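Please look over the sequence and the structure below before reading on. A short briefing follows.

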Amino acid sequence: MSGIDTLPPLRQVIDTHGIAAKKSLGQNFLLDLNLTAKIARLAGDLSQCDVLEVGPGPGGLTRGLLAEGARKVLAIEKDSRCMPALAEIAAAYPGKLEVINGDALQVDPLEHLTPPIRIAANLPYNVGTELLVRWLTPQEWPPFWSSLTLMFQKEVAERIVAQPGSKAYGRLALLAQWRTEARIVLHLPPEAFSPPPKVHSAVVHLTALPEPKYPADPKKLEQVVARAFNQRRKMLRAALKGMAPDLEDRLLASGIQPTDRAETVSLEQFCALSRNLSK
Ligand code: SAM
């Protein structure tokens, strides 16, 4: 029995169900239920929310989310070896946990959940970044979710909250900070995981703003930012060459010097530029 519920400790769950961590699935499990409960609390008040959890594994964070009183949890897990362990959690919280054995990139959560929806996940870093970008870039805003609480490699977390002028500033910072309030809320050393990864980790909490900080078309903004940071050492008049015949005028009209480099340009200026390039 563990501290947060009457289910067995996670190490025992892993042994019983033979869920040895697989590198190919990016599996580094959190085994300390006090820690998973803490991450669940960082997701905010769950009592009036449905929660989407991606990659529950043996269910440490899932148990935290349920113990914190989530209205319903939808857990999408690729590894079928985890299904019996997750079924035991579902039985301990009748009607509260729905588990899908599948790829989170292929499932439409809105077929299973009712807003308000919060998202929480400890995912392999590549899948996490792909899902984050997808959740940040829908055409319409506000999105289907109200907050994201996501574990990342520390360097990726720093890229999400980075400010202009820093090395970490780029596409992720701009996409995240345009439409959300993003904060690093927890740092974790490798030893917090089993097996320990080579890198440090951090949890980022992103709250969806009711509307973006500055008007811009998401596709145009993404395109401009991708081009600008693809050649971040180049001056913008060179990096964005070909985007408009009168590019230098449009840069100046956006408050940007043609000789500026992407890492010094603010979110407000990038939004202005994407509008000026759409005209
Ligand atoms: N949440 C658990 C924890 O904190 O202990 C497991 C974390 S482990 C880093 C990532 C989990 O995501 C693994 O269980 C893995 O099988 C699962 N996973 C990887 N890719 C996935 C995908 N595309 N869709 C759903 N689950 C995925």
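**Briefing: a helix and a ligand site**

Helices here are DSSP runs of H or I with at least four residues, strands are runs of E with at least two, and both are numbered from the N terminus. This is a predicted model, in which local features need pLDDT of at least 70, side-chain atom pairs count only at pLDDT 80 or more, and totals for chains, interfaces and linings use all residues. Residues are numbered from 1 along each chain as its sequence is written, and side-chain values use heavy atoms, with hydrogens and water left out.

**Helix α3**

- Helix α3 (residues 60–67) is largely enclosed by the rest of the structure, because 7 of its 8 residues are buried (under 20% relative accessible area, 1.4 Å probe, protein chains only).
- The buried residues in α3 are Gly60, Leu61, Thr62, Arg63, Gly64, Leu65 and Leu66.

**Residues around the ligand**

- The ligand is surrounded by 20 residues (those with a heavy atom within 4 Å of it), and the closest are Leu30, Gly55, Glu77, Asp103 and Asn122.
- At least two residues of this shell come from each of β1 (29–30) and β3 (72–77).

**Distances to ligand atoms**

- A nitrogen atom of the ligand lies 2.7 Å from a polar backbone atom of glycine 55.
- For leucine 30, a backbone N or O atom is 2.8 Å from an oxygen atom of the ligand.
- In glutamine 27, a side-chain N or O atom is 3.0 Å from a ligand oxygen atom.
- The ligand taken alone exposes 590 Å², and the protein buries 98% of that (Shrake-Rupley method, 1.4 Å probe).

Note on methods:
Polar contact = N/O pair within 3.5 Å; in protein donor to acceptor, adjacent residues only side chain to side chain. Buried < 20%, exposed > 50% of the residue type's maximum accessible area, 1.4 Å probe, protein only.
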